[in-house]
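Colleague: I would like to go through this model and ask what stands behind the terms used for it. Please set each value against its cut-off.

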Amino acid sequence: MADNLTLILFLPMLGGLILTLLPSSKPVLVKFWANLVLGCNALWTLTLLGRFDATHDLQFIQRLPWIPSLGAEFFLGVDGYSMLLFAMTSAVGFLASLASWNAIDTRLKEFYVSLLILQSCVAGVFLAVDALLFFVFFEASLIPMFFLIAIWGGEQRRMAAMKFIVYTVAGSMLLLVGLLLLYFEHWRQTGFFSFSLPALWATKPEGDLGLWIFWLMFAGLAVKVPMAPFHTWLPDAHTEAPTVGSVYLASIMLKMGTYGFLRLVLPGVPETVKQANVLWWMSVLALIAIVYGALVCLKQKDWKRLIAYSSVSHMGFCMLGMFSLNPAGISGSMLQQVNHGISTGLLFILVGLMYERRHTREISEYGGLFGPMPAFSFVFLIAAVSSMGLPPLNGFVGELRILTGAFEMSVPWALWAGLGVVLTVAYLLWCYQRVTLGETSAKNLGLADLSGREWAVVLPFLIAAIGIGVYPQPAFDMLERPVKQIMEKVRPNYYAQSN
Amino acid sequence: MPQLNAVPMSWYLILSAILFTLGVAGFLFRRNIITVFMSIELMLNAVNLSFVAFSHQLRQVDGQIFTFFVMVVAAAEAAVGLAIILTVFKNRQTLSIDEVSSLKN
Amino acid sequence: MQFNNLFSILPAAVLALFGCVLLLLRFDSSRPYLIFLAFAELLAAIGLWRQTDFLGFTGFRGAILIDPFGIAFNAICLVAGLICAVGAYRYMEREDEDHPEFYGLILLAQSGMYLMNSGTELITVFIGLEITAVSFYSLTGFLRSNPRSSEAALKYLLLGAFSSGLLLYGFSILYGLSGSTHYLNIASMLATRNSRDPLILMAILPIVLGLLFKIAAAPLHMWAPDAYEGAPTPVTAYLATASKAAGFALLLRLILGPLHDLRPAWEGLITFAAIASLTVGNLAAITQSSTKRLLAYSSIGHVGYILLGLVAGNKTGIEAMLLYLLVYTLMTTGAFLLLSALDREGVTDFRGLLYRHPGVALLMILLLLSLAGLPPTAGFVAKYMIFLSLVQARQYWVAVIAALYVAVSLYYYFRIIREMLHNPDDSPATLTISTGWRAAVGLTAILSLGLGLNPEPVLAWARSALR
């Protein structure tokens, strides 16, 4: 019962259904109920994390027939990688919702219903061990997110929501075709249809077919990550979404893309991924994302947009580590995904808190916040440092691993990525300086510092950021087996050679 | 029927094809609704001709039976069609195709 | 033998009989007509269900074949007819045209579709086609005093009759080549023919073109947006689904039967029509300001998807077509009927619907998501099967194009959803809702979702229909 992933997966959705029955005339009850459900969900997930056994692969397995004639199953389970992302998803989701306690004042019930459904959908992506189930959750999560952006977003919300959904669906339909190619190749080799990931991993398509599958899946996932030329939906969607939507988008939904790469692409078409030209393209695109994202951040005047673009840069690091195709790079990429969820989630929440107070996102409107809001400035500093990748916080551990991996693959890549790190430090420090230091203008003088509820929101983030930064070993222990699993597909001889 | 046999089969088919093409051309290029409708009747009659010719050549009645059905259907279509043309005329006082075009983007 | 003959057309006979009787009835309200119609459909459905015990039997010397394929298509048409009629009566009352003929013509069209779905002989299917078409001409122009309705009927009539002429010309050549009007005989006579033979092309080209007209596939689609827009909205729902399904049944029976071995002769044309329909339907829908016209163009796009199953040409492809048609019928009847409740049809008339009528808006959102093909709706399962069949046939580029058009279609479907999220206008469109409408639209929406969550029953149904 306590380990039942199906229950924990559908708990938020169930809470959302019950929420529809509550009277919308009692906003506090609605808020309380939604946060209670999300809180229970987060706590439950964390107990699951505690019981997770890092010495085994898939755990807490739930396997039921779903569409037998297509070979699709209702197959849930977690390994170290998905467990970390799932725990991050539940926790960040709850905290983002708690942070938005006062942010939404219109159509409150509908807001929380969308949010609860969204939580179930995104959790499903990380829990599914069946590729079709993965895809269904992957797509289904777009619908509540569309409504979150289009109803409760900023000025340009409808345009941003349309852009978001059209872009991502264009990609994911191609992903579907790629997935079908792999699935059909598996049928051709074995004579039975199956969407379960272990079955698809055994397929190993080669040659042209491998390239087709790779590029189709790439198109779908690259939009989601987003990789450099496909990122144009992101700044609009992230900026226009309400705070909680931005947090979900940045912390959780971007990870679906990298998660897809590590679950479907690397182990799915290992022969193709190894090809030199494919690796070249991937690393170049990742480096472009890193450097370009950081450069764009430097000239942003909009605080929220700056953080949105910083995601492009950070996700570039994850892609670079992954395509280093060595344990350091891949484990760094996996950990960095969690780190990015924590640091960027916190940054978006902090911007959201300021937006509630001042109703502007212009960096120039702020300045000197250290005077009236010392606690906020302190938390913002930690979040920024965590995002920059400086010791002793979590970002450092992940980026170091990624750079090690990249270095092992190619020195110039690592140098370019190093430039990215420098730029990241530059734009975040500059932003920090503009927001918190200097003269405090009259408009900002009377601002209240963090309240008790806000402290409750940011504190878990700080603990996680410092915890992972100081003592990352448990996380790496959890990632060891998933990384090894991928390495055995991609470079079966790697461990033998290095010993 | 020696007289009929004197004319080769292909001639019937060519005549039918010409009539059919005339019908299509009339359908495409005429602008009066009634004329357009008559062009369609011409197409159907071209079809009837080829059915009868084939039927005769194959020494079967199937084709001729088909022709009867086509005639019946054409009559039914004409009845409904003229009724529709009448309502269009009542609503618009015109029978030119170009002027009946309120349904556009 | 005699029993067998009558039994093979029993559903059509019942439908035609009740349809004719309906023309003679006069009541004060439309409810008795509806009950009468539902009773006839029920009887026909029972007849159809009884036919499952007589699979493989033929009636009238092979003119009618009782097989799972025909039963499946007839079931689609019956469902569409019933849903449209049940959802329509308040609309017809509002337009002040609630005459018994409306329901009678629905039944008559249905009996014609039965012959199209089950006929395996040229004369039979031609008669079925024309019974259907003539009934639909009248239904389209049913709002006599509305110039748009009669104009739509005129366009549909002229182009429909023209396409019948084309089809007949092809039939006559086919008859001349094979000496028979029965599919089985035609198949055996054509088996030795070369597919490049000009006479074969002269037969196949007009037949395929005529049928593409009937299913409203590009480049022969131009009647569809006009006819769909001008027709009374419930008739549009019926026309866009049942008549299209019957057209597909006729096309499939011909192409998979007598013309199967001549694949090179029609393959190119079908592929072209599929891609062109996807392109025309999806791109033209983007700019429409009338929701009805938008849905009309989107239905052309859907025809493109369905035809892709034939482009793939394998067993999965045909199964996918059947599945797609069923799902398409559900969601399209639902969407058009929902539209029929609004007294205006512009895309902007949906403005604020989510806040004024959240239930109705949610149903529409569900149907639109299904039309767009997003999981977890039935529309996704249908598109999934089409993509799978293309992948199996190694038509990767076609699959990529089809996948990208999903994103295009998403844009215009979400335009409607986006309007719903705006704050309401000063003069919002008003809704006319009846119990029947609620049942009909609710059923389609629930099935669109339910069959997406658990598609196994429909997959099994499609497979069994092609045994």
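Modeller: This is a predicted model.

Colleague: Where is C:P219 found?

Modeller: C:P219 is in the loop between α9 and α10 (223-230) of chain C. The peptide bond that leads from C:A218 to C:P219 is cis, with omega near 5 degrees. Another cis peptide bond joins C:P375 and C:P376, with omega about 0 degrees. C:P376 sits in the loop between α16 (358-372) and α17 of chain C.

Colleague: What makes α10(C) mostly covered?

Modeller: The count does: 7 of its 8 residues are buried. They are C:A224, C:P225, C:D226, C:A227, C:Y228, C:E229 and C:G230. A residue is called buried if 20 or more other C-beta atoms lie within 10 Å of its own. The buried residues of α10(C) pack against α6 (122-140), α7, α11 (233-256) and α13 (291-312) of chain C.

Colleague: Why is α7(C) called roughly antiparallel to α9(C)?

Modeller: The axes of α7 (residues 147-178) and α9 (residues 198-214) of chain C come within 8 Å and cross at roughly 150 degrees. Angles over 145 degrees count as roughly antiparallel, so α7(C) is roughly antiparallel to α9(C). The crossing in which α7(C) passes α9(C) is left-handed.

Colleague: Which residues make the contact of α7(C) with α9(C), and how do they divide by class?

Modeller: From α7(C) they include C:L159, C:L166, C:F171 and C:L177, and from α9(C) they include C:L199, C:M202, C:P206 and C:F213. By class, the contact has 17 nonpolar, 4 polar and 1 charged residues.

Colleague: Turning to chain A, why does A:L85 count as buried?

Modeller: A:L85 has 26 C-beta neighbours inside 10 Å. The cut-off for buried is 20 or more, so A:L85 counts as buried. A:L85 lies in helix α3 of chain A. Leaving out residues up to four places away in sequence, A:L85 touches A:F126, A:K255, A:Y259, A:Q337 and A:V338. A:L85 and A:A123 are 38 residues apart in sequence, while their C-alpha atoms are 8.9 Å apart in space.

Colleague: Why is A:R107 called partly exposed?

Modeller: A:R107 has 17 C-beta neighbours inside 10 Å. A residue is buried at 20 or more, exposed at 12 or fewer, and partly exposed in between, so A:R107 counts as partly exposed. A:R107 is in the loop between α3 (80-99) and α4 (108-127) of chain A. Its phi is positive, about 45 degrees, although A:R107 is not a glycine.

Colleague: Which residues have the most contacts inside the largest nonpolar core?

Modeller: They are A:V177, C:Y324 and C:F387, in a core of 423 residues. Not counting residues up to four places away in sequence, C:Y324 touches C:Y305, C:I306, C:G309, C:A382, C:M385 and C:I386.

Colleague: How do you know which pair of chains shares the most contacts?

Modeller: There are 2 pairs of chains in contact, and chains B and C share the most contacts. Here 36 residues of chain B are in contact with 34 residues of chain C. α2 (9-29), α3 (33-58) and α4 (62-92) of chain B each supply at least two residues of the side that touches chain C. α4(B) gives the most to that side, with 17 residues. The residues of this side of chain B divide into 24 nonpolar, 9 polar and 3 charged.

Colleague: How far apart are the nearest C-alpha atoms of chain A and chain B?

Modeller: They are 23 Å apart, and the two chains do not touch.

Methods: Residues numbered from 1 in each chain as written. Chains lettered and ligands numbered in written order. Predicted model: local features only at pLDDT ≥ 70, side-chain atom pairs only at ≥ 80, totals over all residues. Contact = placed C-beta atoms within 7 Å. Helix = DSSP H or I, 4+ residues; strand = E, 2+ residues; numbered from the N terminus. Nonpolar A, V, L, I, M, F, W, Y, C, P; charged D, E, K, R; others polar. Core = buried A, V, L, I, M, F, W, Y, C linked by C-beta atoms within 7 Å. Axes fitted to C-alpha atoms, helices over the stretch in contact; angles between N-to-C directions. Parallel < 35°, antiparallel > 145°, perpendicular 65-115°, else oblique. Left-handed = near helix turned anticlockwise from the far one by under 90°.
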